[in-house]
Amino acid sequence: MHRLLHGWRGDPRIWRRGIVLAVLALLLALVMLIHSRMPNTIGNLGSLTETFLPWLGLLIPVLVVLGVIRKSATALIAVLLPAIVWLNLFGGLLTDKTGPGGDLMVATHNVNADNPAPAATARDVASSGADVLALEELPASAVPVYEKALAPTYPHHAVVGTVGLWSKYPMTDVRAVDIKLGWERAMRATVATSKGPLAVYVAHMPSVRVKVEAGFTARQRDKSADALGEAIADETLKRVVLLGDLNGTMNDRSLNAVTSQMRSTQGAAGSGFGFSWPASFPMARIDQIMVKGVEPESSWTLPRTNSDHLPVAARVKLDTPS
């Protein structure tokens, strides 16, 4: 510590050194402050930034270390600004907001169409204790495997296209939700819980790609998100749960049609960021559990399966005051 402080006292250059570092710190703060205004016209740069926005915080300790090495008071003071901005954006996710209550446990998992062990994956997620389970990216050839493996736990289920819903409670009014793809990757069902009917939506938004010539391509995902948002807005039941792989985070403005009317269980009642993808080194939460008209009590990620996504789960309280 003495060595680090040596050369600071009585040296007026501590205010002149590190101007470049100070400028970088200010630019970092600016990016985080105006991320919602960054244009998507060039390679969907705004959405790309918002997808990995929390990771920009890793640059803050790097700037601090460089400021110390450079012996620059100017740089260290400037770094306070991005630190404050980051904490304002994500500080709430650092606290544990999980509670012990909840009437219903729900879970969702993108099982990966190329999953080498679908039966084992089905048993893994069923062992979580979820009352309602959504699965995405179900290839037709593997659906019977999942149905057989999950049948002992879930007496009720429905599969629509490449998504499916398994429930311990009866389901009615099962139908596809048109998300403007030309094939079925979203569905809706009424689940007759012990606390009354609950509308459950399952969705798998189109994948996004990062291409050298086109940047972060997400046009089809954005169009589908708008269609899903319209369907949820038209829902007649007051209590709604959305389960699925949205291929986007809560920060991504392209999902506003959905996120503006629903709450993330992870943001409201989770601990940490709840990153779900890729399973080998989770960097973003693109698998979502969102609610409207019910109260999140806890939210977490489940242990890794044979998929490239982590399953996510939540407990919600249904008997909330109207």
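This is a predicted model: local features need pLDDT of at least 70, side-chain atom pairs count only at pLDDT 80 or more; totals for chains, interfaces and linings use all residues.
Colleague: Which residues of H4 are buried, and what covers them?

Modeller: In H4, which runs over residues 59–70 and reaches 16 Å from its first C-alpha to its last, the buried residues are Ile-60, Leu-63 and Gly-67. They cover an arc of only 60° around the axis, which puts them on the same side of H4. What covers them includes helix H2 (19–33) and helix H5 (73–90), and just after H4, Lys-71 takes a positive phi of about 55°.

Colleague: Which residues have the most contacts inside the largest nonpolar core?

Modeller: That core has 25 residues, and those with the most contacts inside it are Leu-104, Val-132, Leu-165 and Leu-243. Leaving aside neighbours within four places in sequence, Leu-104 is in contact with residues including Val-132, Tyr-169, Leu-198 and Val-316.

Colleague: How many salt bridges are there in the whole structure, and which parts does the pair of Glu-50 and Arg-253 tie together?

Modeller: A search of the whole structure finds 12; in one of them, the closest N and O atoms of Glu-50 and Arg-253 are 2.7 Å apart. Glu-50 lies in helix H3 and Arg-253 in the loop between strand E10 and helix H9, so the pair ties together parts that are 203 residues apart in sequence. Glu-50 counts as buried, at 1% relative accessibility.

Colleague: Which residues are linked in a network of salt bridges?

Modeller: Asp-173, Arg-175, Arg-188 and Glu-235 are linked in this way.

Note on methods. Residues are numbered from 1 along each chain as its sequence is written. Side-chain values use heavy atoms; hydrogens and water are left out. A nonpolar core is a set of buried Ala, Val, Leu, Ile, Met, Phe, Trp, Tyr and Cys residues joined through side-chain atoms within 4.5 Å. Buried means under 20% relative accessible area, exposed over 50%, partly exposed in between (1.4 Å probe, protein chains only). Contact means heavy atoms within 4.5 Å. Helices (H or I, at least four residues) and strands (E, at least two) are DSSP runs, numbered from the N terminus. The expected span of a helix is 1.5 Å times one less than its number of residues. The arc is that of the directions from the helix axis to the C-beta atoms. A salt bridge is a side-chain nitrogen of Lys or Arg within 4 Å of a carboxyl oxygen of Asp or Glu.
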